[in-house]
Structure formats: structure tokens, C-alpha cells
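Have a look at the picture below, then read on.

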Amino acid sequence: MNLEDIAETKQELINFEEEIREAYESGKIRAPVHLCRGNEEPLIKIFKNIKKEDWVFSTHRSHYHALLKGIPKEWVRDEILNKRSISLNNSDYNFFSSAIVGGSLPIAVGTAYALKLEGSLNHVWAFVGDMGAEMGVFEECTKYSGRNELPITFIVEDNGLSVNTPTQKAWGDCKNGKANIIRYSYERVYPHHGSGRFVQF
Amino acid sequence: MTYKDELTKAMNFLAENDRVLFLGQTVNYSGSAIYGTLEKIAISKKIELPIMEDTQLGISIGFSLKGYIPVSIYPRMDFLICATNQLVNHVDKIEEMSNNQFKPKVIIRTAIGSRNPLYPGVQHCSDYTDSFKSMLKNVDVIRLENSNEIVPTYKKALKSDRSTLIIELSDMYNQE
């Protein structure tokens with residue numbers, strides 16, 4: 001795909017997904033498919049910065065990500081027809097996806113850590129939906145990656161829905177609401193357990 | 001040689017492999033029986049992680065995708081329960097769900113907490129060996145019943161193409 005030509009690439013993506021939709025509707029895919037549509041332009045812009053050697057960690061909705069990573073259309077189509085739309089994976093293109101919401105995030109962090117240890121110039125790109133980005137695992141992964149300066153970027157794909165559940169409504173309508181938290185500091189006197197003196201039982 | 005001596009020997013053996021890394025809580029700081037078996041291993045091979053059990057196992061998988069052999073450490077089996085998502089949904093399933101594109105290999109080290117001389121309560125000494133065996137079809141689950149099994153088990157885990165969950169018995173640490 002020629003990512004420099006946004007209009008052309010956008011149409012290629014849409015055409016591919018239309019083909020998959022038709023195959024699904026004609027009963028050729030005996031498995032769930034999570035079709036993409038409407039997010040072509042922001043994705044194309046993001047993928048302009050993603051090198052072939054970089055790693056992409058995706059979600060259950062990964063058709064566009066796979067194509068934009070450079071995986072041949074024929075391979076992606078065959079995988080989808082073989083009931084693996086929900087977990088497209090291609091090691092030749094450093095492309096991983098999982099159907100567990102938020103599940104691929106820590107794996108992405110581990111790969112980013114490995115890249116850092118190796119002194120690699122490659123980067124990890126971790127995609128997550130808007131509900132995934134509200135989960136505790138997202139907080140852990142972003143906090144740990146940031147504080148350890150790991151070569152990873154998280155991309156939140158926000159369509160406002162998790163399956164059919166409105167994400168923000170499910171979390172609570174009062175977006176500015178704050179939990180009551182009291183935090184105090186103190187210096188520990190005794191060790192983690194016991195008294196610090198040896199006891200013979 | 002005591003059970004603990006054999007564990008220390010096994011860890012030192014693993015550490016000789018350039019691709020092996022040790023991850024978890026108490027790999028660099030005291031606080032668990034497991035820590036005492038890692039003291040002679042270079043700090044550069046040990047990554048002390050915060051408590052985030054499930055994320056820890058995901059990070060371990062991520063290392064394995066890059067060719068490392070992570071030894072992911074959970075000082076008590078009760079804590080490994082918190083990582084069951086990554087263990088069952090990814091360590092055990094990635095090869096199948098990716099149509100053999102990825103085959104992570106992780107060595108998971110945990111222990112059934114000791115009951116003597118102090119009883120730590122039901123959340124610190126549970127044994128879920130049989131439950132994990134029934135949930136995992138692509139991960140070898142091995143409980144180290146005596147000290148002479150320890151080094152051969154870790155050697156086999158290092159050589160294996162599969163991931164291995166190795167369960168120690170903390171009450172055995174000072175026994176031959």
C-alpha cells in the first residue's frame with residue numbers, strides 16, 4: 001500500500017473490507033469477523049510512522065492494522081477465510097493480535113523492553129480500544145513503559161463502544177467524579193513480617 | 001544438598017544461558033524464599049517488577065517473542081492465580097491461535113507456601129497444581145516433590161520447546 005496517497009490507500013482498505021463483508025454474508029466465513037470502517041484516515045497517518053521492522057500489537061479488530069503493516073492482502077484474506085479474523089498473527093511482519101481485551105498490551109510492553117535491552121532502534125505500537133484503555137492493565141502498562149522509557153506507543157481506538165456497551169456510561173456518567181482517597185506516608189519500623197528478631201519455634 | 005541448594009544450583013545453571021532473564025518481585029530484593037536462590041545471579045539478568053502479576057506474565061511472553069527465555073517468578077502459587085489470564089489465554093494458546101506463527105516459551109517458577117513453622121493462612125499456602133494441569137494443554141506442569149528432581153527439571157525446561165510451570169514446595173527448602 002502506498003501510504004503517501006491517503007485517498008488511494010483509504011479506498012483499498014474499504015474495498016478489502018467490502019470483499020470480506022460479502023464473503024461473510026455469503027456464508028464463506030464460519031467465524032466471527034470484526035469489520036473495520038470509518039477509521040481509515042487516522043490509521044493511515046499513524047502507520048506512516050511505523051517501520052517494517054517495528055512491532056504492532058493489535059486487537060480482535062485487526063484487518064486494517066495488518067494490511068497497513070504491509071502484510072499481503074492475499075495472506076490476510078486467507079487467514080480470515082480460515083476463521084482467524086479474531087487473532088491475525090504474522091511473525092514475518094512482527095504482527096501480533098489477541099482476542100482478549102487488553103491482553104496484548106503487557107506482551108507489547110515485554111517486547112518493547114527486549115528491544116530496549118538490545119539497543120534496537122525499532123519501536124512497538126500497541127493498539128487498544130476505548131474500553132481496554134479504561135482497564136487496569138492499561139494503567140499498569142502505560143505507567144511502567146513511561147517510567148522505564150520503553151520504546152512503545154499506545155494507540156487508543158475510541159468508537160465509544162465496547163461490544164455494544166457505551167464505555168463511558170458503563171464506567172459512570174460523572175466524568176469529573178473522583179473517588180475518596182486518603183493517602184498518608186509513614187516509615188516502617190518492623191520488617192515485612194515478624195519482629196526482626198530470630199525466633200526458634 | 002538441600003532442596004534449596006538444588007534450586008540455587010538450577011538457577012545458576014539457567015543464568016549461564018545468555019537468553020535467560022529472571023523477572024518478578026523479590027528477584028533483586030529480599031522477602032521470599034525464592035530470593036535466596038537468586039542471590040549469586042548478576043543483577044543485569046534480573047528485572048525486579050512491581051506487583052502486577054498478570055501484566056508480569058504478559059511482559060514475560062513479550063520477551064519470549066524476541067527470543068529471550070524469561071523465568072517468570074511468583075513466590076507463592078496464590079499469587080500466580082492473579083496471572084491466570086495470561087497463562088491460560090496466551091502462554092497456553094498463542095501457538096494455536098496464531099496458527100504456529102508465534103510459539104512463546106516461558107519458564108514459570110512458583111511455590112506452594114510453607115505451613116511450618118508458621119501457618120501463613122489459606123491465601124498463602126494453597127496448592128492449585130491439579131487445577132493448572134486441567135486448564136493447560138500446551139504448558140508442562142511439574143511439581144518438584146524432592147530435591148533430586150530439581151536440576152533435571154529446570155534443564156529439561158530450558159531445552160524444551162514448550163513453556164513449563166514449575167512448582168516448588170516451600171516446606172522442603174531445608175530438607176535433603
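This is a predicted model: local features need pLDDT of at least 70, side-chain atom pairs count only at pLDDT 80 or more; totals for chains, interfaces and linings use all residues.

Let's start with E53(B), which sits in helix α2 of chain B. Which residues does E53(B) touch, once its neighbours within four places in sequence are left aside? They are Y74(B), F79(B), C82(B) and A83(B). E53(B) is also 8.9 Å from T84(B), C-alpha to C-alpha, although 31 residues separate the two in sequence. Is E53(B) buried or exposed? Its relative accessibility is 18%, so it counts as buried, the cut-off being under 20%.

Now zoom out to the helix. Helix α2 of chain B runs over residues 53–65, which makes 13 residues. From first C-alpha to last it reaches 19 Å, close to the 18 Å expected at 1.5 Å a residue. Because 13 of its 13 residues are buried, α2(B) is largely enclosed by the rest of the structure. Just after this helix comes G67(B), with a positive phi of about 95°.

Next stop, a strand. T110(B) belongs to strand β4 of chain B, residues 107–112. With 0% relative accessibility, T110(B) counts as buried. Leaving aside neighbours within four places in sequence, its contacts include Y74(B), R76(B), M77(B) and L80(B), and also the run L165(B), I166(B), I167(B) and E168(B). Y74(B) turns up in the contacts of E53(B) and in those of T110(B).

Here are those two residues side by side:

| Residue | Element | Relative accessibility |
|---|---|---|
| E53(B) | helix α2 of chain B | 18% |
| T110(B) | strand β4 of chain B | 0% |

Finally, let's see how the chains meet. The size of an interface is often given as the accessible area lost when the parts come together. For chain A and chain B that comes to about 2,400 Å², with 68% of it on carbon and sulfur atoms. Chain A puts 32 residues into the contact and chain B puts in 27 residues.

How many salt bridges are there between chain A and chain B? The count is two. R19(B) and E118(A) meet in a salt bridge through their side chains, at 3.8 Å from N to O. On the side of chain A that touches chain B, α5(A) gives the most, with eleven residues. By class, that side has 17 nonpolar, ten polar and five charged residues.

How values were computed
Residues are numbered from 1 along each chain as its sequence is written. Chains are lettered from A and ligands numbered from 1 in the order in which they are written. Side-chain values use heavy atoms; hydrogens and water are left out. Helices (H or I, at least four residues) and strands (E, at least two) are DSSP runs, numbered from the N terminus. The expected span of a helix is 1.5 Å times one less than its number of residues. Buried means under 20% relative accessible area, exposed over 50%, partly exposed in between (1.4 Å probe, protein chains only). Contact means heavy atoms within 4.5 Å. Buried area is the accessible area (1.4 Å probe) that two parts lose on being put together, summed over both. A salt bridge is a side-chain nitrogen of Lys or Arg within 4 Å of a carboxyl oxygen of Asp or Glu. Ala, Val, Leu, Ile, Met, Phe, Trp, Tyr, Cys and Pro count as nonpolar, Asp, Glu, Lys and Arg as charged, and the others, Gly among them, as polar.
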